[in-house]
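User: I'd like to walk through the salt bridges and pockets of this protein with you. Could you take my questions one at a time?

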Amino acid sequence: YNLDLPETIAVREKLLPESGEISQIAMSAMDDWSGEITEHDAPAIVIIEGLTMYLSEKDVKEIFDVINKRFDHVLVETMSPTMVKRMKEKSIEGSKAKFTWGVKDGKELAKLLPNFRLIEEHSLAEGMAEFIPIFKLLKKIKPVSNISNKIVVMEK
């Protein structure tokens with residue numbers, strides 16, 4: 001399932017029509033989209049990527065309230081507050097979107113979400129080290145690792 005705003009799903013369907021294996025849900029992540037998932041008791045993982053940094057803490061809690069109704073496992077990309085304040089993303093320059101929220105690490109995120117616990121987290125620098133050799137060094141530098149986006153693994 002791909003979940004995105006209706007106008008984004010409309011573009012996606014033009015470029016990549018539904019094939020039966022992948023279904024599109026045209027809703028906000030803060031709406032109760034869990035009822036749109038037809039399978040019950042099937043293993044599932046929710047992946048939130050490229051979203052939380054554009055939201056408020058309240059919005060993130062609303063998303064997790066929806067997830068909590070049906071799902072147990074979540075991978076969520078987070079951005080550090082330092083990067084939220086200082087980073088300008090070229091891919092969104094033409095839109096009115098801006099970075100608004102971040103957490104220092106997975107422990108900080110877990111404190112906000114009483115029904116979920118932190119399993120592990122990985123910095124973007126770790127992942128980039130697989131593709132770009134300089135990141136093998138950069139990931140070892142604590143300040144770089146601290147401000148790098150993280151993939152936080154959480155479980156209900």
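User: By about how much of the helix are Lys58 and Glu62 separated in helix H2?

Analyst: Happy to start there, keeping in mind that this is a predicted model. Lys58 and Glu62 form a salt bridge, with their closest N and O atoms 2.7 Å apart. Because the two residues are 4 residues apart in helix H2, the separation is about one helical turn.

User: How many residues apart are Asp72 and Lys156?

Analyst: These two form a salt bridge whose closest N and O atoms are 3.4 Å apart. Asp72 is partly exposed at 38%, and Lys156 is partly exposed at 37%. Asp72 lies in the loop between H2 and strand E4 (73-78), while Lys156 lies in the segment after strand E6 (150-155). The pair links distant parts of the chain, and the separation is 84 residues.

User: How many salt bridges does a search of the whole structure find?

Analyst: Side chains of opposite charge can pair when their charged atoms come close. Searching the whole structure gives a total of 6.

User: Let's turn to the pockets. What is the volume of the largest pocket?

Analyst: Rolling a probe the size of a water molecule over the atoms shows where empty space is left. For the largest pocket, the volume comes to about 1200 Å³.

User: Which residues are closest to the centre of the largest pocket, and which elements give two or more residues to its lining?

Analyst: The lining holds 35 residues, and those closest to the centre are Tyr1, Asn2, Leu3, Val46 and Ile47. By class, the lining has 21 nonpolar, 6 polar and 8 charged residues. The elements giving two or more residues are strand E1 (2-4), helix H1 (6-15), strand E3 (46-48) and helix H2 (57-70).

User: Which element gives the most to the lining of the second largest pocket?

Analyst: This pocket has a volume of about 350 Å³. It is lined by 19 residues, and the closest to its centre are Glu77, Met79, Met87, Leu124 and Asn149. The lining divides into 13 nonpolar, 4 polar and 2 charged residues. Helix H5 (124-128) and helix H7 (142-147) each supply at least two lining residues, but the element that gives the most, with 3 residues, is H5.

User: One last stop, the surface. What is the area of the nonpolar patch that includes Ile134?

Analyst: Ile134 lies in helix H6 (residues 134-138). Its relative accessible area is 46%, so Ile134 is partly exposed; patch residues must have over 30%. Together with Phe131, Ile132, Leu137 and Ile141, Ile134 makes a nonpolar surface patch of about 490 Å².

Technical notes:
Residues are numbered from 1 along each chain as its sequence is written. This is a predicted model: local features need pLDDT of at least 70, side-chain atom pairs count only at pLDDT 80 or more; totals for chains, interfaces and linings use all residues. Side-chain values use heavy atoms; hydrogens and water are left out. On a 1 Å grid over the protein atoms alone, a cavity is a set of points where a 1.4 Å probe fits but cannot get out, and a pocket is an open set with protein on both sides within 12 Å along at least five of seven lines; lining residues have an atom within 4 Å of a point. Grid points are joined across faces, edges and corners, and a volume is the space filled by probe spheres set on the points. Ala, Val, Leu, Ile, Met, Phe, Trp, Tyr, Cys and Pro count as nonpolar, Asp, Glu, Lys and Arg as charged, and the others, Gly among them, as polar. Patches are made of residues with over 30% relative accessible area and no salt bridge: like charges are joined within 9 Å, nonpolar side chains (Val, Leu, Ile, Met, Phe, Trp, Tyr) within 5 Å. Accessible areas come from the Shrake-Rupley method with a 1.4 Å probe; for residues, only the protein chains shown count as cover. A salt bridge is a side-chain nitrogen of Lys or Arg within 4 Å of a carboxyl oxygen of Asp or Glu. Buried means under 20% relative accessible area, exposed over 50%, partly exposed in between (1.4 Å probe, protein chains only).
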